[in-house]
Amino acid sequence: MGLYQTHRPRDLADVKGQKEAVGIIRGHLERGVFPPATLYYGPSGTGKTTLARYVCKELGCKPPNLQLVNAADDRGIDTVRSIRDKMGSAPLMGKYRIWIFDECHQWTSQAQSVLLEMLEDAPDHVKFMLCTTDPQKLLPTIRGRCAEIKTKELDEDDLYQALLSVCLKEEKLDLSKRVVKKTPEEKVLRLIAEKAEGSARAAIQRLDDISGLKTTEEQLRAIMLKDVKSWSKSIAQLLIDPEKTVWADVAEQLKGKTNDEAESIRQQIMGWANSVLLDQGIPKWAIKQGKKFAPNQKRMERAHRILEIFECLGPYDGGLHRLTRFCYEACNS
Ligand SMILES: Nc1ncnc2c1ncn2[C@@H]1O[C@H](COP(=O)(O)OP(=O)(O)O)[C@@H](O)[C@H]1O
Ligand SMILES: [Mg+2]
């Protein structure tokens, strides 16, 4: 089991960055009224399944009365029909029988039609929880029958808090079971948060990936290198931090790029260096905290040097070989 599975929040207080969703759920719990069907939607890894499961727990619903169906594994009409046929019978214990339909946008329209019938005919003891990243793919008539709870991408600070909370829980675990032997330095967690693109699952997965590495330097390097989506930013970050810069790492990032990509990488690196200058070298997370941080002269000088190299070596021909030379020069200056 991955870290993100072991550390699924059991408490609303541990669900970061979803104030609105949590507020709605608290309201339902306090009033003791639960809609027959709830649609949880939002980006991947932001807490949909976690919240749905939490509500089930609060309603005292456990297996076999609680069933989790992942539509990504099973898109079959047969599954839906068999649920329809058995939902009439009363729960074995407790008040409710609940079905969580994960990734339910993947259901065929035929299966969705049966689901709609189920929503219309469900007895009082039945609750449905639909989870999806893609609510537009559901029949509008299904959506019309659901209370909606929306989760949002987590901002970097919430991601940082989620990571920290996993680390602190790891510290409390029995030594033999611990994956994260020692909570990484704040800058490691901040870097992970920055690269997770709003997904708590992705962030915790990344923490898992680096948990075997001992030094902060190794951890930072691993995070940088693994990042495929924002490689331009990674290159810029590698270049801006002369202590951490290893030409081999930059070269690795440039490998396999095309001439077309080279120009957009160059543009993005310059954009990044420019924003470092504008922010006076203070990292974004520090700015967000709103405290006073001293300008970072060293980073500003690096950013300035990068801009010089990347825009002043004569007219740019867009080729990968020129970009490679710019990067090499920035690395070694
Ligand atoms: N809002 C959040 N706060 C803290 N951890 C979260 C949050 N959302 C997701 N996670 C982490 O990611 C894992 C997967 O979350 P999940 O609820 O299955 O995401 P989703 O269903 O939105 O794709 C959880 O077990 C938890 O470790
Ligand atoms: Mg999910």
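Domain bounds in this passage come from an automatic or database domain assignment. For the chain, that assignment gives domain 1 (18-150), domain 2 (154-227) and domain 3 (230-333). The model is a predicted one, in which local features need pLDDT of at least 70 and side-chain atom pairs count only at pLDDT 80 or more, while totals for chains, interfaces and linings use all residues. Residues are numbered from 1 along each chain as its sequence is written, and chains are lettered from A and ligands numbered from 1 in the order in which they are written.

The C-alpha centres of domain 1 and domain 2 lie 31 Å apart. Contact between the two (C-beta atoms, placed from the backbone, within 7 Å) involves 5 residues of domain 1 and 6 residues of domain 2. On the domain 1 side, these residues divide into 1 nonpolar, 4 polar and no charged; here Ala, Val, Leu, Ile, Met, Phe, Trp, Tyr, Cys and Pro count as nonpolar, Asp, Glu, Lys and Arg as charged, and the others, Gly among them, as polar.

Ligand 1 comes next. Its shell (residues whose C-beta atom, placed from the backbone, lies within 6 Å of the ligand) holds 23 residues, and the closest are Arg 8, Gly 47, Thr 49, Thr 50 and Ala 200. Domain 1 and domain 2 each provide at least three residues of this shell. At least two residues come from each of α1 (3-6), α3 (48-58) and α9 (200-210), where helices (H or I, at least four residues) and strands (E, at least two) are DSSP runs numbered from the N terminus. By class, the shell has 8 nonpolar, 11 polar and 4 charged residues.

Helix α5 (residues 109-121) has two contrasting sides. Ala 111, Gln 112, Leu 115 and Met 118 are buried (20 or more other C-beta atoms within 10 Å of the residue's own; exposed means 12 or fewer, and partly exposed in between, with C-beta atoms placed from the backbone). The buried residues of α5 pack against α4 (77-86) and α6 (140-144). On the other side of α5, Ser 109, Gln 110, Glu 120 and Asp 121 are exposed.

Some backbone details deserve a look. Most residues other than glycine have a negative phi, and most peptide bonds are trans. The bond from Pro 63 to Pro 64, however, is cis, with omega near 0°, and Pro 64 sits in the loop between α3 and β2 (66-70). Glu 103, in the loop between β3 (97-102) and α5, has a positive phi near 55°. Glu 197, in the loop between α8 (186-195) and α9, likewise has a positive phi, of about 50°. Glu 103 is buried, with 21 other C-beta atoms within 10 Å, whereas Glu 197 is partly exposed, with 15.
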